[in-house]
Amino acid sequence: MSQEPAPEVQGVPVTALNWQDPPANRWAFWHVGELLPTYRVPHGDGTPRPLPAAPGRPDLLSVPVSRMDRTSGPPSASTVGDVLGDTYTDAYLVLQDGQLVTEWYGPLGAPERTHALMSVSKSVVGCVAAVLIDRGELDPDAEITSYVPELAGSGFAGALVRHVYDMRSGVRFLEEYANPDSDIRRLDKWVEWQPGQGEPRGLYRFLATLQAEAPHGERFLYRSAESDVLGWVCERAAGRPMATLISELIWAPMGAEHDALLLHDGLGTAVHDGGLCATARDVARFGQMLLDGGQVPDGTGSSRRARGVVPPQWLRRAWAVDADTRSVFAASPAERAFPGGWYRHQFWFRPGAYGDVLLGLGIYGQMLYVSRRTGTVCVKFSTWPDAQNPAYLEDTLRAFDAIGGFLAGRAPAGPGGRRLAGVVSGLSRRGDTVPPAPPRPTVV
């Protein structure tokens with residue numbers, strides 16, 4: 001299996017201008033640091049959290065899956081292997097009870113290679129905010145402008161910190177990836193400055209142009225700009241840049257094995273809403289830390305709350321949906337994507353076949369899946385042909401549900417037949433490509 005970089009993918013040169021466009025993204029998502037300006041997010045000097053091999057060699061690819069029928073008919077019988085093979089998988093990994101059950105990498109990937117996470121980045125930035133709140137460095141009930149006065153003339157004036165980490169400000173921001181005039185596309189243009197294109201405008205300057213259209217706190221709408229404001233507030237509250245905050249508060253304390261990368265714009269501002277790149281194993285370590293309530297092993301067989309790892313009350317509040325959180329979600333377009341779900345603290349939550357599941361989602365098929373009921377953490381890197389594909393997302397969720405149920409020996413909580421889910425996350429591009437060869441299991 002060749003791991004050599006390729007300057008072209010299917011005859012298309014890969015550049016900083018087309019890195020998200022299929023088929024270029026197939027190579028680019030594994031090599032972001034070679035194409036775009038990034039900060040290093042050090043993993044620290046500590047011993048990486050071990051991922052011991054699970055006993056046995058379970059054949060996860062043969063686990064049956066009831067897939068969403070593309071013609072709105074009844075679900076069709078399939079397998080996990082079929083789903084992974086059909087959904088442009090670059091890599092996948094499964095943990096159960098902290099043990100590595102299986103992992104697989106496409107021909108351009110490797111365990112030590114970072115991949116673009118897109119909006120899974122938001123969940124990491126949310127955890128940075130959680131630690132700062134726990135330490136008393138960030139007040140969730142303070143106005144955003146008390147930290148970032150540059151936003152006083154924008155729609156974020158009067159919004160509280162908790163409004164942006166739950167995506168409940170009243171700011172107008174249209175997150176439509178297929179609409180070239182939407183705000184998410186305008187954000188791309190302000191961020192993706194290249195030499196020779198004129199003066200860089202930058203992410204923070206863009207945020208100051210946004211205006212309000214509703215009272216703060218009264219609604220939920222998924223908007224990447226909320227995460228960017230949250231990252232800006234965290235940097236001001238802590239007096240340190242986001243790459244340093246992620247390293248010191250999350251990456252090193254959780255026991256990451258490799259440095260991550262964090263994209264920045266032409267002015268050096270970190271792209272908080274979707275700029276992180278990391279290895280599949282380190283994303284799985286992040287997910288396992290969340291599954292363990294913010295704790296990491298201390299190396300003696302017990303566990304402790306390590307300095308800088310997520311405070312458990314942040315995760316308890318996120319998992320414990322209340323009537324207000326559900327009602328604003330139900331009134332939003334996201335309810336169609338995840339019926340019965342909710343969004344809180346920069347995480348998605350979805351009722352699944354084996355209980356509620358915490359999700360980190362990114363466009364083009366990036367996913368972190370955490371199931372407390374089955375004790376599983378699943379990671380999937382992808383390069384879908386389009387930023388959003390509801391069928392690919394729903395089938396992947398069903399496949400991970402099936403894996404968790406199989407490993408835990410549990411029966412589903414209820415019948416299938418869920419409606420199509422829709423990805424609503426991250427930076428955006430569009431294009432066309434062909435899927436990689438279907439995954440073959442690498443069981444360790």
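Author: Start with a term: a salt bridge is a side-chain nitrogen of Lys or Arg within 4 Å of a carboxyl oxygen of Asp or Glu. This is a predicted model, and D90 and R26 form such a bridge in it, with their closest N and O atoms 3.5 Å apart.

Reader: Which parts of the protein do D90 and R26 sit in?

Author: D90 belongs to strand β6 (residues 89-96) and R26 to helix α1 (residues 25-28), so the pair ties together parts that are 64 residues apart in sequence.

Reader: And are D90 and R26 buried or exposed?

Author: Both D90 and R26 are buried.

Reader: Why would such side chains pair up at all?

Author: Side chains of opposite charge can pair when their charged atoms come close.

Reader: How many salt bridges are there in the whole structure?

Author: A search of the whole structure gives 18 salt bridges. Among them is one between R326 and E335, at 2.8 Å from N to O.

Reader: What about R398, which residue does it bridge to?

Author: R398 bridges to E394, and their closest N and O atoms are 3.0 Å apart. The two are 4 residues apart in helix α13 (residues 390-408), which means that about one helical turn separates them.

Reader: Why does a spacing of four matter in a helix?

Author: An α-helix has 3.6 residues a turn, so residues three or four places apart point the same way.

Reader: What are the relative accessible areas of R398 and E394?

Author: R398 is at 9% and is buried. E394 is buried too, at 0%.

Reader: Which residues form a network of salt bridges?

Author: R67, D86 and D395 are linked in one.

Reader: Where is D82, and how far is it from D395?

Author: D82 is in helix α2 (residues 80-86). In sequence D82 and D395 are 313 residues apart, while their C-alpha atoms are 9.8 Å apart in space. D82 is partly exposed, at 38% relative accessibility, and its side chain makes a polar contact of 3.1 Å with the side chain of T79.

Reader: New topic. How many helices and strands are there?

Author: The protein has 13 helices and 17 strands.

Reader: Last one: what percentage of the whole protein is buried?

Author: Buried residues make up 60% of the 444 residues. The protein exposes about 16,200 Å², and carbon and sulfur atoms supply 52% of that area. Of the contacts with a separation of 6 or more, 71% are between residues 24 or more positions apart.

Technical notes. Residues are numbered from 1 along each chain as its sequence is written. This is a predicted model: local features need pLDDT of at least 70, side-chain atom pairs count only at pLDDT 80 or more; totals for chains, interfaces and linings use all residues. Side-chain values use heavy atoms; hydrogens and water are left out. Buried means under 20% relative accessible area, exposed over 50%, partly exposed in between (1.4 Å probe, protein chains only). Contact means heavy atoms within 4.5 Å. Accessible areas come from the Shrake-Rupley method with a 1.4 Å probe; for residues, only the protein chains shown count as cover. A polar contact is a pair of N or O atoms within 3.5 Å; within protein, one must be able to donate a hydrogen and the other to accept it, and residues adjacent in sequence count only if both atoms are side-chain atoms.
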